[in-house]
Amino acid sequence: QNRRGSEIFLMQRVITRLPRFSRFSKAAFPGSSGWFRSFASLSDTPQNVAPPTRNPAIIEWVESVLETCRPARIHWVSGAQEEADEMINTLVDKGHAIRLNPEKRPNSYLFRSDPRDVARVESRTFICSRTEDSAGPTNNWAEPYEMRHKIRKLAEGCMQGRTMYVIPFSMGPLHSPISKVGLQITDSPYAVLNMRIMTRVSETVWDLLPSVSSEWVKCIHSVGQPIRRAEDDVAWPCNPENTYICHFPSDRTILSFGSGYGGNALLGKKCFALRIASVMARDGGWLAEHMLILRVKDPDGKKTYVTAAFPSACGKTNFAMLNPPEAMEGYEVTTIGDDIAWMKPDENGVLRAINPEAGFFGVAPGTSNDTNPAALESCSKDTIFTNVAMTDDGDVWWEGMTQEKPAHLIDWLGQDWTPDCGRLAAHPNSRFTAPARNCPSIDEDWENPEGVPVGAIIFGGRRMNDMPLVFGAFNWQHGVYLGATMGSEQTAAAEGQVGQLRKDPFAMLPFCGYHMGDYFRHWMRMGRELDEKPRIFHVNWFRKSADGKFMWPGFGENMRVLKWCVDMVNGKAHGYETSMGWMPRYNDIDWRGLDYSEEQWKALNKIDKQNMKRAVVAHEELFMDLWDKLPKEMLFLRDLMQGRFQENPKFPEKR
């Protein structure tokens, strides 16, 4: 303990006397005996202490973080398997992680978080744009100078006693014209190990990082709990009272402090891939979206690529890994991504998409062989589990995984659990981090650097009373309106008033990094840039009958709806014009293997014009919030929709 304290004191003395790297003496570069080498004496294990780059912008940025955070060690992450093995072995030896049964889950590990640090913290997530107007009314805005000052005060010495890791990563396949690169600095080995799965961590990234600092994304993360005493070295360090997740769009910077969980620590995910990337996409003429990407191959070998956006609890991952019914022989669905899509027009005006992630950060509860066998197989090996339960034979379990509950478990809090104890075994937001390459349905082109051509875009929500199963937009502008006004009805009193519609435009409400009105405008503009526009559809798997039962079986049967959408894209199917859009007739759906009557179909797709008129009027609430930047097309489209839902006039009888 005395030795550790002496090392920290020496580190502080070294930092305070360090000349700034902006002078760029030879000692600052790899192979020298310069200042980065001074960390070697403080490390108990081999560390990459010399910077693997001569990029002056990177060196200066890392130096500034060192001066503020004052870590005991520095490690430049290479992404090598040997490096990961050493890190996880250290965590297991310290009791900070549990190695699962290698016969049940090879190369897989369980982490248990602090009970106060279990999810994204939207109330502490900020967009720090130059003006509040740029962030818009749907984001939490903070003045950038004030927030930087606040974070800097919290960050003073926040990494004392810890290793500071520098992670080079690519969002998207290396060398793709759609991909972007970044660096994350963190003091959390848990974050490093998860970033290795979720992004492409590679030394090749150093060669891709441009010299101008604004062209790569700078991510800084700290758990906010320095090690000053032996008892500070806990299994899950965090600082819930001082948690901030801050985005600075103007200089492409993310600062996250106080949380070690999920998207709060894995800054390549929602922070970079959506909030910052959405601003980069607006400025660069592309789209960064909260969408899955899948491919449908028909019996003739025709491939069609589809993206889809759904709010939470609407079956997004299940749809991305859809397993077609056996009766629909010859149809194949493969997965490119389950959460995020980056889409950019190519030189021919075709919208092409990549999955910027390299893994799945999936919600564990509810995942089973019945609901999503592909997801379950994806986490069969090489996986990090967080806050799930552990079985007596060293495997994992969560609610919904099996029909029969185990007789005994160790729950997510590390306590004994039995079926009658009255507690959940796994936290409702427990997760698995699994490599996408493990997925049995992964598409052969999922890492194609050119991306895949998008033929269709699907929007959806949980609408129990009014929305039909499926309809197609009349045109791109109508499709944008459908995405802008999508939402889900509340399902439990704890979430709000049951049946109340929760708006979630494009499923991006928590993730858009700028004013939502400008975001709608950008989508309208993108349509004018595309020579081949994807067709846009809306689906609703969740309509209920008067007795409260779901009217559509869902899951694999959704392939029948997907087939109609794809056939519409390829000119093989028909739809008839309705007040909602283009809709399929009963005979337009492939019913092989499913007993579903025409009467059921008509009830499922019945349009109540009075209900829909009220729904369109409710769009005004969102539009008023965004009024100053709302595209005028949205108002015209709203009026058109209202007109389509008017009842036909009754003419007087002839006298």
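Guide: Begin with burial: a residue is buried under 20% relative accessible area, exposed over 50% and partly exposed in between, using a 1.4 Å probe and protein chains only. This is a predicted model, in which local features need pLDDT of at least 70 and side-chain atom pairs count only at pLDDT 80 or more, while totals for chains, interfaces and linings use all residues. Residues are numbered from 1 along each chain as its sequence is written, and side-chain values use heavy atoms, leaving out hydrogens and water.

Visitor: Is Phe520 buried or exposed?

Guide: Phe520 counts as buried because its relative accessibility is 0%, and Phe506 is likewise buried, with a relative accessible area of 0%.

Visitor: How many aromatic pairs does a search of the whole structure find?

Guide: Rings of Phe, Tyr and Trp (its six-membered ring) pair if their centres lie within 6.5 Å, with planes under 30 degrees apart counted as stacked, over 60 as edge-to-face and the rest as tilted. The search finds 30 such pairs. The ring centres of Phe506 and Phe520 are 6.0 Å apart and their planes meet at 40°, so this pair is tilted.

Visitor: Which residues do ring pairs link into a cluster?

Guide: The cluster holds Phe459, Trp476, Phe506, Tyr514, Tyr519, Phe520 and Trp523, and Trp523 counts as buried at 0% relative accessibility.

Visitor: What sits over the ring of Phe248?

Guide: A charge sits over a ring if NZ of Lys or CZ of Arg is within 6 Å of the ring centre and within 35 degrees of the ring normal. Over Phe248 it is the charged end of Arg148, 4.1 Å from the ring centre.
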